[in-house]
Amino acid sequence: MSKELIRLQNLCMAYDGETILNNINLYINDKEFLTLLGPSGCGKTTTLRIIGGFTTPVSGDVFFDGARINDVPPHKRQINTVFQKYALFPHLDVYENVAFGLRMQRVPDPNNKRGAKLSNEEIDRRVMEMLESVSLKGFERRRVDALSGGQQQRVAIARALVNRPKVLLLDEPLGALDLKLRKDMQIELKRIQQQVGITFIYVTHDQEEALTMSDTIVIMDKGSIQQIGTPEDIYNEPKNAFVADFIGESNIIDGVMVKDKVVKMYGRLFPCLDGGFAENEPVDVVIRPEDIDIVPVEQGQLTGTVTNVTFKGMQYDIIVDFRGFKWLIQTTDHSPVGSKIGIKIDPDGIHVMKKSEYSGMFGDYSSFSDEYDELNGADGAEGQGDET
Amino acid sequence: MKRKLSLFALPYAVWLALLVVIPLVIMAVYAFTDSDSSAATLENFTDMGVYASVFVRSFRLAAIATLICLLIGYPAAYFMAGEGPGFQRVALALIMLPMWMNFLLRTYSWMSILENNGLLNQLFQKIGLFSLIASVSGQEIESFQMLRTPGAVALGMVYNYLPFMILPIYSVILKLDKNLLEAARDLGANSAQVFLRVILPLSLPGVLSGVTMVFVPSVSTFAISRLLGGGTQMMLGDLIEQQFLGGAYNPHLGAAISMVMMVIVVLCMALMNHFGEGEEQAVML
């Protein structure tokens, strides 16, 4: 297995008496693509800034390669950053932006205590190599403000990577790009990371971005880590209602764990694969919209009424009312609004979570149809009616 | 003019025509005509040679004052911009405060400070500086000659125009994107390198406008040189004033001198702006 490179130990951060980070413990492996994911204000950027050395934690330690680096200033860390709005130097051209870090570097030299500067040939070779690998050859003498957003983005990445850091920090680097470019850059970033073989620590609030690129996702909320895991783990085995809701779509239902592998919802027993709960412990049950099969009413484990249908291309998003609690179901079969349907859920489609502070806050789609009407106006709603 | 003149710009256009364009034309006409016959001539310009020393002194003193303002003003602006908002408000008020007092009043008060029996010399007397000098060098002096020296004129200019250096630099530094400074540190620059390679080049526009705002009024000042220079440090402003109001009454020559001064100042500014822009684009090494 790859070895540990960065360790955050009991990190706490507060500003003006407001807690921003609450006891963060995290280790990051060498060559890993790790994403800090969470809503704005969850502390993900603060965590990144502490790793970069721009913010000093109130308490707790940062270890890099086994050494405590709390007091090491940013310019002495083997870490480089791609800033949110790129922070390219407006007074320098593309070439000099990329060369900036190299011009600061000193290599050990027996004749000079401060070390020798890199030769101009060395700098030129590395800058041109880097510009080539981010497809910006021919742009050396352009002013950075004459570049498009995507090009500026690539200059920012080149400027950081040319220094051959051990870790690259990326603070929502794709936030300013349009959707198409963002998708391309996601793949591009992953390719670059695998090519240079270093650790990327990526901050985003976009769950899809996190799932696409990461080896490990760290989900944060209110200054605490909610869950750490691979994208699959986090999607399939969310730890609490917050994670389940934040990653993908989820129906979250109150249930009772009758015994191992049996959970009770709506007064009915459902077989599932989870265990290890106390007998009759109240739990949150997550059911992903794509794990629900629509069956004739008489064969259903539950029956409900369709209240809304949205065509999404690959599937229909339908909202079904089960005794006042609305579920989202994604299906390729069309069910008209107002029809009664039965549903069946396989045991592996049911995921049971312990109750948490987030219980009851997420997972109900009651407001879905209202939002839908608002977004589409009255015409959209009528269109739905015509379909039936 | 790219924009269409809106109705609201009209008063200013009238103002501009009446008080800038027409006087400039009148001045040009005066400069190129003879004082007796009113015939077209270049004599006013050729006569100017005798005042070469005044030109040199004016530009030298203005350059010195500008340089001193820059050396004092840049660090002041830099540290001010780095402090908290409360400190900045107080510092700004203190910098502007003298500007709210009458210019002549301020300059007169410097006279009473610098006089031979003024405040400074009295202070030197009290702390025994003169007797110290006497005991060391054997030279008996009663006071330092400070008024009526080039230094006093330069001091007056620095004192009066320093705020015009500090304010533009301060506002440019204040608006610098803090992310750029973090990016530079992230890329391995220490504090000195961050300053030299990022802050300084990016604050050049502020420096340029500060230099302009100090140099131009300095070079044409006349009250400061007359009051603090005591007539011994005649500058272009004094010379021109003499041609219009003083004993050497010759408005034609005065207009010619004004024009030459204007041309030199415009050339200086154009050169500096060109240099500044080049700096911004060029590769900084």
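Predicted model: local features only at pLDDT ≥ 70, side-chain atom pairs only at ≥ 80, totals over all residues.
Reader: How far apart do the C-alpha centres of domain 1 and domain 2 of chain A lie?
Author: Chain A is divided into domain 1, covering 4–235, and domain 2, covering 237–387, with bounds that come from an automatic or database domain assignment. The C-alpha centres of domain 1 of chain A and domain 2 of chain A are separated by 39 Å.

Reader: Which element gives the most to the side of domain 1 of chain A that touches domain 2 of chain A?
Author: The contact between these domains takes eight residues from domain 1 of chain A and nine residues from domain 2 of chain A, two residues being in contact if their C-beta atoms, placed from the backbone, lie within 7 Å. On the domain 1 side, the elements giving two or more residues are β11 (216–221), β12 (224–229) and α7 (231–236) of chain A, where helices (H or I, at least four residues) and strands (E, at least two) are DSSP runs numbered from the N terminus. With three residues, the element that gives the most is α7(A).

Reader: Which are the edge strands of the open sheet of six strands in chain A?
Author: This sheet has mixed pairing and the order β6-β9-β10-β3-β11-β12 in chain A, two strands being paired if DSSP finds at least two bridges between them. Within the sheet, strand β3(A), residues 33–37, runs parallel to β11(A) and is joined to β11(A) by four bridges, with A:Leu37 opposite A:Ile219. The strands that pair on one side only are β6 (79–82) and β12 of chain A.

Reader: Which residue takes a positive phi in the hairpin of β1(A) and β2(A)?
Author: Strand β1(A), residues 4–15, and strand β2(A), residues 18–29, run antiparallel and are joined by eight bridges, and A:Leu8 stands opposite A:Leu26 in β2(A). The hairpin has two residues between the strands, and the residue with a positive phi near 50° is A:Asp16.

Reader: Why are α9(B) and α10(B) called oblique to each other?
Author: The axes of α9(B), residues 178–186, and α10(B), residues 191–219, come within 10 Å and cross at roughly 135°, the axes being lines fitted to C-alpha atoms, for helices over the stretch in contact, with angles from 0 to 180 degrees between N-to-C directions. Angles under 35 degrees count as roughly parallel, over 145 as roughly antiparallel, 65 to 115 as roughly perpendicular and the rest as oblique. The two helices α9(B) and α10(B) are therefore oblique.

Reader: Which element gives the most to the side of chain A that touches chain B?
Author: The contact takes 19 residues from chain A and 18 residues from chain B, and β6 and α2 (94–104) of chain A each supply at least two residues of the chain A side. With four residues, the element giving the most to that side is α2(A).

How values were computed: Residues numbered from 1 in each chain as written. Chains lettered and ligands numbered in written order.
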